[in-house]
Amino acid sequence: MTARLVLELGIGAPLTVLLSQEQSVKIGRNPDNDLIIHDEHASRFHAEVYFESGTFFLKNHSKNNGTRLNGSRISEDVALINQCKINIGSAQIRFETSSIVIDDSSKTIPDLSLQEEEKEPKSDPFITQFLHDELSLLFSYVADSVLENNPRDLVEKALRILLKRTQAEKVGFLSLDTTEFLLKQVLPADTKLDLVLSKTLTNEAVAREKTVWLLQEQVGIEADSLRSMKDAVCLLVKCKPPGSDVENIMGAVHLYNSRKFFTFKDVRFTEFLVDCLANSLHVLRLRRALEADNNRFKLIEEKGKELIIGSSRLVVKMKQEIQRVALRNAPVLIIGDSGVGKELVALELHNKGLRKAEPMVSVNCATISPGLADAELFGNEKGAYTGADRANTGYFQQADDGILFLDEVGELSLDCQAKLLRTLETGKIRPLRGKEINVNVRVISATNRDLQKEVDEGRFREDLFYRLNACVIKVPALRERLEDLPELVDFFLNRFSVEYRKRFSPSVEVLEKLKKYHWPGNIRQLKSVLESGVNRAESETLMAEDIDIPTNDSSGGELPKTIKLAEVEAWAIKIALERNGWNQTQASKILGIHRETLMDKIKKYKIEKKIPKTT
């Protein structure tokens, strides 16, 4: 016989206790009891339920307040029948028995489905009963998560704690967030269990929007990993963003055991830790987004201050062009190499234009997933695609009455280009599965590609190119404005002086060394070189040896004699790769470009790693 006690009324924990034929269940106020009742009329050891001769019996141990069964006070041991009520003080406990359900796989699991809706207790005192070690695990995880910058490591830390605390044979995490790269982790990796994360449990948890515990829920068992499991639990990793009434489901945590059942405390501890994981993942996402925005606008100290540093002829001419174009409403195309500061030009256009009091929304088109480009730019209604559990306001609506800055616009797909052209021509957008909406947005775009060449090769729409090309601003490369180097160096060193609380200044030799370099990564690379020099410097004055940039006699190759930009760029990429052991991520950081851009250029220039010949 399978039976359990369910706490219906009053304050106590756990809410459900499975009864065993081998061991009695103690009920009372003392924390050592199996079912703890928080009531002034409950004795320290109040009652007991035990099994004998095929029947569960209730025994009273309280001399003062007594125990009632179905409203009547008992004076001797009484047999329990299905759905009878045990009353201790203001607490009411229901006794349930169930039959055994055998599925097609001949696996036996208890059918503990409830006969009626369980009533919620007034509060959940379970947290007060955590052992010191359990609380330490939770606090330790929260503290560690503050310092963690990788979502995969955050998940792994949580899984390792669950594996140890619950003694599960296997634990796993499956991402259910369509905006993130698919993340799936299972521990331990070397387990011999033939197991994958059950789709049955995941779907059941998502459908019910709550924890699904195989022992306590009637879950259909398909021909998947549940067949070999004695017990399994699936918990949703979800959080409610500030100001939102909808919870975002980020993923699901699974626990499996083929030898024994999980306890109520195992599941409740897991729920608390999963809540910590959900909040940590959400905070990490917000922090990374904030850091990304901060990096994009790091050169800005205050609104209205001059953003573009330099007084060379080319920079003065560009500033005059910005002043003239800013007062118009036509689209603007900003062209220039990677790292020259095209976004700062867009910000100047915004600050000096007619829409300076309205929002400016910046979008890096290279980071938009092709499959979600329409939803991100134009928005979507709830249910527009798999995983769209709520309506989304696209970038165009966010920038309404203001400016939308499309950085790396040449990365947009042809399909998305067609919809962008329609919006520019009609001033209307249509969210996925939504109605047409009027928007008043000035589009400023930027690219480091030759869009005319992209048009000729069929990768960019000609009609969109002419539409974006109404006003063009070219941002000069750093090698074309080397006379601005002293101003730029002073600007960056002033910022580093504030950050490091130490005054830095360049020596004459440093400026001379910087002027001799060709700067393929432009201002972004200059900033990186100076920051490295600041960290390397032993005094407040930067010396030539503190600045690490290639010279003509550097190992790894000489600067080509020709002055063609493509050859210089290919040479710089090759040097960066060789000096970093062909690690593309590190090389892209030194060059000041995205890793995807670096990969494109490696293919473009047919740069290959030379493998030394062996004898």
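Mentor: A salt bridge is a side-chain nitrogen of Lys or Arg within 4 Å of a carboxyl oxygen of Asp or Glu. The structure to which this is applied here is a predicted model.

Trainee: How far apart are N and O in the salt bridge of Arg 461 and Asp 463?

Mentor: The pair joins an Arg to an Asp, and the criterion asks for a nitrogen within 4 Å of a carboxyl oxygen.

Trainee: Is Asp 463 buried, partly exposed or exposed?

Mentor: Buried requires under 20% relative accessible area and exposed requires over 50%. Asp 463 has a relative accessible area of 35%, so the class is partly exposed.

Trainee: Which residue forms a salt bridge with Lys 59?

Mentor: Lys 59 belongs to strand β7 (residues 55-60), and its partner lies in the loop between β9 (72-73) and β10 (78-79), so the pair ties together parts that are 18 residues apart in sequence. With the closest N and O atoms 3.5 Å apart, the partner is Asp 77.

Trainee: How many residues apart in sequence are the parts tied together by Asp 266 and Arg 165?

Mentor: The two side chains meet in a salt bridge at 2.7 Å, N to O, and both Asp 266 and Arg 165 are buried. Asp 266 lies in helix α4 (residues 264-296) and Arg 165 in helix α2 (residues 151-166), so the separation of the parts is 101 residues.

Trainee: How many salt bridges does the rule give?

Mentor: Some salt bridges share partners, and these join Glu 411, Arg 449, Glu 454, Glu 457, Arg 459 and Asp 600 into one network. Over the model, the count comes to 26.

Trainee: Which strands stand at the edges of the open sheet of 5 strands?

Mentor: The order of this sheet is β21-β22-β25-β20-β26, with parallel pairing. An edge strand here has a single partner, so one side of it is left without a neighbour in the sheet; this holds for β21 (360-364) and β26 (471-474).

Trainee: Which residue in β22 is the bridge partner of Val 361?

Mentor: β21 pairs with strand β22 (residues 403-407) in the parallel sense over 5 bridges. For Val 361, the bridge partner in β22 is Leu 404.

Trainee: At what angle to β26 does helix α5 run?

Mentor: Helix α5 (residues 313-326) lies across β20 (332-335), β25 (442-447) and β26. Relative to β26, the helix runs at about 155°.

How values were computed
Residues are numbered from 1 along each chain as its sequence is written. This is a predicted model: local features need pLDDT of at least 70, side-chain atom pairs count only at pLDDT 80 or more; totals for chains, interfaces and linings use all residues. Side-chain values use heavy atoms; hydrogens and water are left out. Helices (H or I, at least four residues) and strands (E, at least two) are DSSP runs, numbered from the N terminus. Buried means under 20% relative accessible area, exposed over 50%, partly exposed in between (1.4 Å probe, protein chains only). Two strands pair if DSSP finds at least two bridges between them. Contact means heavy atoms within 4.5 Å. Axes are lines fitted to C-alpha atoms, for helices over the stretch in contact, and angles run from 0 to 180 degrees between N-to-C directions.
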